[in-house]
Amino acid sequence: MFGKLLKNELKAQWHSMSAIFFAIIVIAVAGELLALFSSSQMGKVLGGLAVIAVLFFACVFILIAVGMMYNKTMFGRAGYLTLTLPVKTNKLIWAKTASGLIWTYLVYFLFLGSCFLWFYQVKELMGEEALASAETILSLFGVPSFKMIAVVCIFFAVSLAISALMIVQSIFLGITLSNVKPFSKLGLIGTIIFAFVIFYCIQSVSNIISEVLPMGMVVSPQIITFTSDTALTAATLGKGVIKINFAGPLFRLLAGILLSIPVSHLTKTAVNIK
C-alpha cells in the first residue's frame with residue numbers, strides 16, 4: 001500500500017515539479033557550457049561557481065515547493081479527498097515525506113555533483129604541480145590538506161541529507177500546527193514561525209548533544225581515527241586535525257523520524273481543513 005501511495009504522490013507532484021526541474025537543468029547546462037567553452041580560465045571558474053550558486057538556491061526553493069504541495073494536498077481543497085483515503089494517516093504522511101525527500105535529494109545531488117565537477121575543472125586548470133604548491137601554501141596558514149577537506153565534504157554531504165529529512169518534517173509539522181485552531185488564524189506567518197522554532201529547537205538540542213557526547217572521528221593528514229572523545233583525540237594527535245561529531249547528526253535523524261508522530265496525531269484529531 002505504501003508503494004502505491006508513493007507512486008501516486010510522485011505522479012501527482014510531477015506536473016508541478018517538471019517545470020522546476022526543467023528550469024534548473026536549463027540554467028545549469030548553460031552555466032556548464034560557459035565554463036567548458038570559455039576562452040579564459042576566469043570565465044571557466046566563474047561559470048562553474050554560477051552553477052553551484054543557482055543549484056544552492058534551488059535546494060532552498062525545492063523545500064518551499066515541497067511544503068506548498070503538502071499544504072495544498074493535505075489542508076487545501078484536495079485535503080477532503082486525501083484524508084478520506086482508506087489508509088492509515090501515518091502511512092499517508094510518510095508517503096508525502098518520502099516523495100518530498102525524493103525531489104529534495106534530486107536537487108541536492110545535482111548541487112553536490114556541480115560542486116565536485118567544479119573542483120575537478122579547477123584541478124584540471126591548475127595542474128598537479130600547481131595544486132601541490134597551493135596545498136603547501138595553504139598548510140602554512142593552518143588550512144587542512146585537500147584530502148582532509150574531501151573527507152569532511154563527504155561527511156557534510158551525509159549530514160546535510162539527514163538535515164533535509166529534519167527540515168521537511170519540521171515544515172510539515174509547522175504547516176499542520178498552522179491548520180489547528182486557534183493557530184489557524186496566523187496563516188502563512190504561523191507556518192513560518194512554527195517551522196523555524198521547531199527547526200531551531202532541534203538544532204539547538206543537537207548542538208548540546210554534540211558537546212555532551214563528543215563521539216565521532218578525527219581526521220589528520222595521515223589517518224582517520226574513530227573515537228568516543230574527539231577533543232581528547234584531537235589534542236593527542238596535535239595540530240592540523242579536523243574533528244567530526246556523530247551524535248548531532250544521529251539525533252537529527254531520530255528527530256526527523258519521530259516528528260511524523262505529532263504530524264500524524266494532529267492531522268487525525270485537530271486539523272481544520274479549508
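Patches are built from residues with over 30% relative accessible area and no salt bridge, joining like charges within 9 Å and nonpolar side chains (Val, Leu, Ile, Met, Phe, Trp, Tyr) within 5 Å. A salt bridge places a side-chain nitrogen of Lys or Arg within 4 Å of a carboxyl oxygen of Asp or Glu. The model is predicted: local features need pLDDT of at least 70, side-chain atom pairs count only at pLDDT 80 or more, and totals for chains, interfaces and linings use all residues. Residues are numbered from 1 along each chain as its sequence is written, and side-chain values use heavy atoms, without hydrogens and water.

A nonpolar surface patch covers about 880 Å² (Shrake-Rupley method, 1.4 Å probe). Its members are Ile-208, Val-212, Leu-213, Met-215, Leu-250, Leu-253, Leu-254, Ile-257, Leu-258 and Ile-261. Helices H6 (187–212) and H8 (247–258) each supply at least two of the patch residues. Helices (H or I, at least four residues) and strands (E, at least two) are DSSP runs, numbered from the N terminus. H8 gives the largest share, 5 residues. Leu-258 lies in H8. Leu-258 is partly exposed, at 42% relative accessible area (between the limits for buried, under 20%, and exposed, over 50%).

Three strands form an open sheet in the order S2-S1-S3, with antiparallel pairing (at least two DSSP bridges per pair). S2 (224–227) and S3 (242–245) are the edge strands, each pairing on one side only. S1 (residues 216–219) pairs with S2 over 4 bridges. Met-217 has Phe-226 of S2 as its bridge partner.

How values were computed: Buried means under 20% relative accessible area, exposed over 50%, partly exposed in between (1.4 Å probe, protein chains only).
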